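Subject: Structure for your review

Dear colleague,

Please find below the sequence and structure that I am handing over to you. My findings follow directly after them.

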2 protein chains.
Amino acid sequence: MKALKERILKEGRCLPGGILKVDSFINHQMDPVLMEEMAEELVRRFSDVRVDKVLTVEASGIAPAIMVGYLLRKPVVFAKKAKPSTMSDFYTAKVFSFTKNREYDICLSRNYLSEGDNVLFIDDFLANGNAAVGVIDLVSQAGADLVGLGFLIEKDFQPGGAMLRSEGYRVESLAIIESLEDCQVKFKE
Amino acid sequence: MKALKERILKEGRCLPGGILKVDSFINHQMDPVLMEEMAEELVRRFSDVRVDKVLTVEASGIAPAIMVGYLLRKPVVFAKKAKPSTMSDFYTAKVFSFTKNREYDICLSRNYLSEGDNVLFIDDFLANGNAAVGVIDLVSQAGADLVGLGFLIEKDFQPGGAMLRSEGYRVESLAIIESLEDCQVKFKE
């Protein structure tokens with residue numbers, strides 16, 4: 001997606017370890033107009049599948065997910081990274097975060113994901129795919145169907161995208177970064 | 001706001017300790033169409049103030065804030081509840097959570113809040129006002145101006161709203177709950 005790629009080139013900053021910081025417009029400060037345009041593009045790419053529910057993980061997945069849900073007129077659920085004290089009956093899965101070098105649990109109330117639901121997962125980044133694996137686990141526990149995974153930015157030099165596609169999942173990413181070598185952003189064509 | 005109050009009466013569940021659970025449409029599962037309508041109403045109520053930036057706190061403030069920012073065509077920033085490993089220069093403030101009975105830090109990069117910015121704070125709930133107090137601290141550290149605080153739901157039987165209004169802040173809440181006695185939701189007229 002052209003507008004996103006241009007913005008990454010203009011404002012993205014690369015840090016050691018293959019990290020691309022886009023916190024001026026995606027995951028700390030957010031540009032809501034670009035966010036809506038990205039949601040439109042994700043909706044367009046998944047226009048041939050039936051979606052009953054949009055699923056994401058807090059926190060930086062919420063903004064793109066709510067925009068996608070708004071355009072689809074479907075409910076959006078975000079998995080929580082800690083079990084809320086007021087939640088009693090939930091699905092849970094473990095996610096390993098490379099950035100934080102620790103494992104955490106994601107939780108989702110059983111009330112909001114049901115057998116037969118067609119689920120579209122939306123998140124800001126696809127890198128190692130750990131959050132996606134946790135979400136696949138939650139969706140499977142619910143007996144729901146994951147009809148696709150949509151990401152704003154995918155890092156092709158990390159294994160998440162290849163792993164998910166090889167397992168037969170439909171993955172759409174609006175900007176795919178082939179490499180960040182020497183801090184040069186190179187997009188996959 | 002009528003649509004919100006009706007939804008609270010229909011789907012809200014009351015728990016011991018003055019807790020109102022609205023996680024079927026606001027803060028776990030979200031109804032994006034209602035979210036957009038609530039954002040429209042908040043924008044209407046603050047239509048006489050100049051807003052440069054919308055500020056919220058992760059995670060459940062993000063959905064209403066991104067919708068408000070989209071309608072205003074202004075950037076949205078969410079304060080983080082933990083210092084990200086890749087953030088170096090930030091404002092920080094302490095927030096006490098009654099629900100979780102512990103104190104946590106909220107963090108905001110210095111890049112995204114500046115002296116003279118007119119800031120509108122948006123969040124899902126106003127109860128004791130602890131998150132708001134932390135945000136007031138962050139905004140003050142930046143030398144920015146807090147032009148208003150907008151909430152979806154305010155619990156009038158907890159002290160946050162009265163405290164903020166007595167300090168001269170402009171507070172708008174779309175549904176104000178006077179009491180939850182005997183698990184009956186009573187709205188303030």
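To compare copies, they are superposed by least squares on the C-alpha atoms of residues with pLDDT of at least 70 in both. Please bear in mind throughout that this is a predicted model.

**Relation of the two chains**

Chain B is superposed on chain A by a rotation of 180° with 0.0 Å of shift along the axis, at an RMSD of 0.0 Å. That is how a two-fold axis relates its copies. Within chain B, the C-alpha of B:A59 is nearest the axis, at 2.6 Å from it. Both copies use the same surface, in that 100% of the contact residues of chain B recur in chain A.

**The interface**

The contact involves 32 residues of chain B and 33 residues of chain A. On the chain B side, strand 2 (19-21), strand 3 (29-30), helix 2, helix 3 and strand 5 (76-79) each supply at least two residues. Helix 3 of chain B gives the most, with five residues. By class, the side of chain B that touches chain A comprises 16 nonpolar, nine polar and seven charged residues.

**A sheet with strands from both chains**

Strand 5 (residues 76-79) of chain A pairs with strand 3 of chain B in the antiparallel sense, over two bridges. In this pairing, A:V77 stands opposite B:Q29.

The open sheet has seven strands, ordered 11(A)-10(A)-9(A)-8(A)-4(A)-5(A)-3(B), with mixed pairing. Strand 11 (186-187) of chain A and strand 3 of chain B stand at the edges; each has a single partner strand, so one side of each is left without a neighbour in the sheet. Strand 8 (residues 118-126) and strand 9 (residues 145-155) of chain A pair in the parallel sense over eight bridges, and A:N118 stands opposite A:D145 in strand 9 of chain A.

**Two helices of chain B**

Helix 2 (residues 32-45) and helix 3 (residues 62-72) of chain B pack at an angle of about 60°, with their axes 8 Å apart. These two helices of chain B are therefore oblique to each other, and helix 2 passes helix 3 in a right-handed crossing. The residues that meet include B:M35, B:M38 and B:L42 from helix 2, and B:M67, B:V68 and B:L71 from helix 3. By class, this contact has 11 nonpolar, no polar and two charged residues.

Yours sincerely

Methods
Residues numbered from 1 in each chain as written. Chains lettered and ligands numbered in written order. Predicted model: local features only at pLDDT ≥ 70, side-chain atom pairs only at ≥ 80, totals over all residues. Contact = placed C-beta atoms within 7 Å. Axes fitted to C-alpha atoms, helices over the stretch in contact; angles between N-to-C directions. Helix = DSSP H or I, 4+ residues; strand = E, 2+ residues; numbered from the N terminus. Parallel < 35°, antiparallel > 145°, perpendicular 65-115°, else oblique. Left-handed = near helix turned anticlockwise from the far one by under 90°. Nonpolar A, V, L, I, M, F, W, Y, C, P; charged D, E, K, R; others polar. Pairing = 2+ DSSP bridges.
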